[in-house]
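Please view the sequence and the structure before reading on.

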Amino acid sequence: EFITTFSITGLMPFAAPVESISITDLDRDGRLDAVVSAGDGIFLRGAGNGTFLVSSLLSPAPVGKIALGDVNGDGWVDAIAMASSGLSIHLHPGVPLDAEWQGIPFVTGGQVQDLSVGEVDGDPVGIDDIVVVQTGSSNPLTLIRRLSSDLADSVIESLPYSRNPQSGRILLVDSDGDGGTDVLMRQESTEASGSLALWRSSAVVDSGETELSYNLPALVSAGPGQAEIELPLAASFEQDISQFTIAIEFDQLLLQMVRIEADADTFPFGSVEVVEHIDQESGVAVAELFINGYIPASGDLPIARLVFQPQPGLLGAASYQLADGLLVDGISYSNQAILEGDGALIAADISGAQGVVLIESTTPAPENMTCAASSVGGNDEVLIQWSNPITYDQPGGIQIRKNGVLIATLSGSTTSYTDIDAGSGSISYSLAGFSGGIQSISVSCDVVLISAPVLACERDDDLPERVFLAWGFLTGTSSWQLRRDGNVIANLSAVVSSYSDDTDLNAHQYDLRSIQQGVPSAPGICDIGDAGGSGTVPPSQVSAALIGDDDVKVTWFNGEAYDQVNVLADGFVAVTLSGSATEVQFDDQFPGAVIYSIQAFGDGGSSAIVNAPEVDVPLSPPSGFSCVSDGSAVELSWENGPQSFQYDEIVVERTGGGMSDFFSLPGTATLLDDPAGQGEWTYQITGYFFHEGVNHSAQGGSCQASISNALFYDESVAVIGRPFTVDLFGHLLESVSAWTLQIDYDGSRL
């Protein structure tokens with residue numbers, strides 16, 4: 001209802017006459033806000049009832065009009081104000097605006113008389129451009145083409161304009177209905193013969209309105225020395241296309257761009273001209289495909305092949321992706337196309353146009369590489385260990401690099417190396433094997449090496465059960481961790497440099513670690529001898545806990561400095577560890593109850609055996625159980641739970657129609673094809689394992705499947721004015737000789 005009564009909800013006094021008012025929902029609260037230029041630049045936050053609250057002032061204050069638009073493509077509306085030296089651009093921070101909304105100066109080369117903001121060139125889609133008319137410049141009418149979120153990433157284009165710029169006023173409008181934003185210039189004049197000027201822009205059609213998408217393979221494999229690597233580019237589009245633009249960035253360290261060529265099957269000889277722009281140093285390439293005529297709307301149509309060569313002697317994973325706003329020779333390019341019908345420019349969806357080229361070797365890489373820091377005699381060292389899947393060349397079959405620099409060439413059977421001059425800081429080691437002179441892909445490990453602190457310790461002469469420890473300052477330390485016999489006994493502040501430990505007369509080993517950015521250093525070690533302790537103190541606080549389905553973790557507290565520790569399972573030695581160990585994990589255990597025990601050996605001989613509470617290990621169940629109907633059958637698949645052994649039997653139960661059936665399968669089975677026929681079926685899987693006189697069972701998940709006669713069709717996308725088809729599918733449990741179909745459709749549209 002239109003109400004003719006004029007209602008004033010409030011008057012807002014300003015310091016100067018109002019020069020412009022712009023309305024939009026600036027803070028995304030669903031209510032319209034206002035930005036006013038009146039001596040000051042004022043953001044008025046709308047209350048939704050016709051009233052406004054002054055929320056922020058633009059700094060610096062504008063010297064004229066303020067326009068609104070998203071000039072950095074972040075989805076938030078920015079304010080662009082006339083300033084003394086051009087423009088002041090106030091980017092929205094994406095959070096509620098403070099009392100002062102700071103601007104960024106943007107020099108235009110003259111005194112701006114009017115401006116307007118909008119998406120003029122559509123490249124890239126979603127970032128608004130700026131048009132200004134200014135005095136004191138050889139380019140009075142200027143289009144500032146915004147290319148990316150970086151304000152400096154702009155191209156200045158001068159539009160021919162010979163009238164008085166002081167009286168020129170700009171309007172951005174689609175004057176011809178082609179979807180493009182045109183620049184309309186009017187001349188304010190008291191004379192009857194005022195003037196209008198128009199600069200037309202090609203249409204910019206959002207990909208949500210007219211779809212264009214580019215696709216590249218996600219994974220391509222290549223061998224060393226392979227002459228060329230081809231990436232086929234396919235396009236899907238709903239209208240006829242007369243020109244494609246393709247822009248790609250790639251890993252220039254591993255890939256050398258050779259050329260971009262049109263697909264020979266889609267474009268016969270002479271039907272397309274390809275113009276390439278390749279910047280190998282930056283890893284950027286562009287191709288423009290000018291079609292002699294047009295390509296009709298298509299789906300997954302091969303249009304181009306991107307051809308690379310592997311860089312000589314280099315292996316690894318090289319990434320590539322289509323990207324918009326790429327610069328080659330100072331010109332910005334994006335993935336887009338031009339419609340044949342009206343010359344409209346449309347942006348491409350490139351979310352499916354990225355991947356990796358695996359430049360592989362016929363020589364397998366070393367496996368299980370680890371790096372471990374240690375301190376030996378006050379020197380920091382790194383022990384590198386690995387396993388070899390084959391015997392590499394003898395000699396020179398293994399190379400080790402440290403931060404990219406070759407430090408060792410070893411025989412092909414070597415499986416460890418110690419860097420005795422490791423240095424400090426973050427270190428990356430890489431390892432490659434050679435077979436027949438062909439290098440494998442490198443494997444790597446990283447270590448942060450922090451110098452070990454120097455730790456001193458001694459017993460108190462008056463109270464020998466007390467041990468006094470002292471150490472010096474180590475640059476970068478955020479905290480200290482102190483251990484006795486492998487057990488953490490204190491975490492200390494970085495400013496602490498001593499500690500008193502009230503313990504006993506037995507021998508002990510202390511180690512102190514500097515913690516820097518969460519990373520521990522190599523330990524500083526100090527040993528205290530036996531001062532009259534008797535025997536070997538047994539470990540304490542022994543516990544065993546189930547981890548996951550069938551893993552067991554055993555932990556304990558060492559009573560003194562041991563020579564070794566034995567871990568027993570039901571009275572039998574399961575593993576022998578160093579005397580400083582305080583935990584061990586047993587993976588993939590057999591099902592059943594087990595008692596784990598700890599026995600230590602030291603200067604007093606063997607300690608008493610200390611038992612952990614009994615832990616009952618269950619049988620790991622089958623996982624990932626799934627049912628998929630295929631015609632009249634159901635395909636079942638799963639993964640077996642145990643890793644170190646197999647089930648003795650697997651039983652699958654099928655229920656449905658008031659009946660149950662059982663399938664007995666070998667313990668290694670992971671698939672079942674059940675010709676169940678029509679019905680609603682539920683399946684349950686159970687694994688069985690017989691161990692030490694007990695038959696253990698582990699019930700896995702369940703799944704359902706429905707089998708019936710069915711007719712269905714896939715959604716179809718059509719282009720107005722063109723015929724299209726809908727494919728009808730049948731899911732049948734038995735043969736048929738004839739069809740009877742009844743189809744309902746929208747006769748007003750089809």
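Is Asn-403 buried, partly exposed or exposed? Asn-403 is partly exposed, with a relative accessible area of 47%; buried means under 20% relative accessible area, exposed over 50%, and partly exposed in between, with a 1.4 Å probe and protein chains only. The model is predicted: local features need pLDDT of at least 70, side-chain atom pairs count only at pLDDT 80 or more, and totals for chains, interfaces and linings use all residues. Residues are numbered from 1 along each chain as its sequence is written, and side-chain values use heavy atoms, with hydrogens and water left out.

**Backbone features**

Most residues other than glycine have a negative phi, and most peptide bonds are trans. The table lists departures from this pattern.

| Residues | Feature | Value |
|---|---|---|
| Asn-403 | positive phi | about 50 degrees |
| Glu-692 | positive phi | about 50 degrees |
| Ser-59 and Pro-60 | cis peptide bond | omega about 0 degrees |
| Gln-394 and Pro-395 | cis peptide bond | omega about -10 degrees |

Asn-403 is found in the loop between β35 and β36 (405-410). Strands are DSSP runs of E of at least two residues, numbered from the N terminus. Glu-692 lies in the loop between β64 (679-691) and β65 (694-707), and at 69% relative accessibility Glu-692 counts as exposed. Pro-60 is in the loop between β4 (52-59) and β5 (66-69), whereas Pro-395 is in the loop between β34 (379-387) and β35 (398-402).

**A strand with two faces**

In a regular strand the side chains alternate between the two faces of the sheet. Strand β19 runs parallel to β32 (residues 354-359), joined by 4 bridges; two strands pair if DSSP finds at least two bridges between them. Within β32, Ile-359 stands opposite Ala-222.

**Nonpolar cores**

In soluble globular proteins, nonpolar side chains tend to be buried together. The largest nonpolar core has 43 residues, and Tyr-214, Phe-244, Ile-303 and Val-357 have the most contacts inside it. Such a core is a set of buried Ala, Val, Leu, Ile, Met, Phe, Trp, Tyr and Cys residues joined through side-chain atoms within 4.5 Å. Another core, of 22 residues, lies apart from it and includes Leu-665, Trp-681, Tyr-683 and Ala-698.
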